[in-house]
Amino acid sequence: MKHVNLASGVGAKGNFVSEFADLSGRRFVVTGASSGIGRAIALELAAAGADVAIHYSRSVTEAAEVCRQIHTRGQRAWLLPCDFHDPRGFPKFLEDTWGACGTVDGWIHNAGVDLLTGAAAELSYSSKLDELLQVDVRATMLLCKLAGERFRAAGRGVIVTIGWDQSDRGMEGDSGELFAAAKNAVMGFSRSLAVSLAPQVRVNCIAPGWIRTAWGEQAGEVWQQRVLRETPLKRWGTPEDIAKLARFLVSDEAAYLTGQVINANGGAVR
């Protein structure tokens, strides 16, 4: 029987990375990478030996810090700004991205609007819907479509999008309605894009559950107890939990996975 060595080994650039889901020598784009899940994904890919392009919209200081941390791991990183509200800038963003990186092996589309914390939480229902349709839905579809066309022309590539585990089963309240509509659109699009781009390009979607990002950190006791009650593993998920799954999905170990929406939610099924 052949034994698989899962111990750490030396990556292509001399830094130590796990042999499992090793991404040494590859380059990825992570959108919305200045904080939260996007930041965790960018750092996890770098830990796996990859170079990473860091997209941000306004948080340049935070994005620059992510780049700095990637550099300390011995990998290259690029800062790439783009406001995803305006699709007229998308072709130039792709040109700038490929121009900076030289080549891109995968696109992780994490960017989305934060309607739960900060000023956006005070928007009307209609305005929140507009934000989600512009950034979470339209930008995801158009940019992944553009990136996918480049990957297919190159004969290879991988795309990962971000959905929401409660989109399929529903959640009460304004936020539940709004996010379910937007993320179901992303999940359905991802499944169809996978069929359109196969066999050259793989496309999968991660559907996170209760993840302790900015909102989770400040959520009240009622929400804290609800998370424990609805999650069989009895804890919040972390951005790092999602990042590890993203690392697997863009690696060769996931070579036979495409068109899947994968719940990362601690076993919640309600």
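**Notes on the fold and its salt bridges**

1. The protein chain has eight helices and nine strands. Its radius of gyration is 18 Å, close to the 18 Å that the globule rule gives for 270 residues, so the chain is as compact as a globular protein of that length. Please keep in mind that this is a predicted model.

2. On overall dimensions, the C-alpha atoms occupy a box of roughly 50 × 50 × 40 Å along the principal axes. Of the 270 residues, 48% count as buried. The chain exposes about 12,500 Å², and carbon and sulfur atoms supply 55% of that area. Among contacts between residues at least 6 apart in sequence, 71% join residues at least 24 apart.

3. Seven strands form an open sheet in the order 5-4-3-6-7-8-9, with parallel pairing. Strand 5 (77-81) and strand 9 (261-264) are the edge strands, each pairing on one side only. On average, neighbouring strands are turned by 20° against each other, direction ignored.

4. Helix 1 (residues 36-47) packs on it and touches strand 3 (27-31), strand 4 (51-56), strand 6 (106-109) and strand 8; the direction of helix 1 makes about 170° with that of strand 3. Helix 3 (residues 90-101) lies across strands 3, 4, 5 and 6, running at about 165° to strand 5.

5. The structure holds 13 salt bridges. One of them joins E95 to R150, with the closest N and O atoms 2.6 Å apart. E95 lies in helix 3 and R150 in helix 4 (residues 125-154), so this pair ties together parts that are 55 residues apart in sequence. R150 is partly exposed, at 26% relative accessible area.

6. R156 and D105 also meet through their side chains in a salt bridge (2.3 Å, N to O). R156 sits in the loop between helix 4 and strand 7, and D105 in the loop between helix 3 and strand 6, 51 residues apart. R156 is partly exposed at 41% relative accessibility, whereas D105 is buried at 11%.

7. Lastly, helix 7 (residues 221-230) contains both R226 and E230, four residues apart, about one turn of the helix. Their side chains form a salt bridge (2.8 Å, N to O). R226 is buried at 9% relative accessibility, and E230 is buried at 15%. Together with E172, R226 and E230 belong to a network of salt bridges.

Note on methods
Residues are numbered from 1 along each chain as its sequence is written. This is a predicted model: local features need pLDDT of at least 70, side-chain atom pairs count only at pLDDT 80 or more; totals for chains, interfaces and linings use all residues. Side-chain values use heavy atoms; hydrogens and water are left out. Two strands pair if DSSP finds at least two bridges between them. Helices (H or I, at least four residues) and strands (E, at least two) are DSSP runs, numbered from the N terminus. Axes are lines fitted to C-alpha atoms, for helices over the stretch in contact, and angles run from 0 to 180 degrees between N-to-C directions. Contact means heavy atoms within 4.5 Å. The radius of gyration is taken over C-alpha atoms; the globule rule is 2.2 Å times the number of residues to the power 0.38. Buried means under 20% relative accessible area, exposed over 50%, partly exposed in between (1.4 Å probe, protein chains only). Accessible areas come from the Shrake-Rupley method with a 1.4 Å probe; for residues, only the protein chains shown count as cover. A salt bridge is a side-chain nitrogen of Lys or Arg within 4 Å of a carboxyl oxygen of Asp or Glu.
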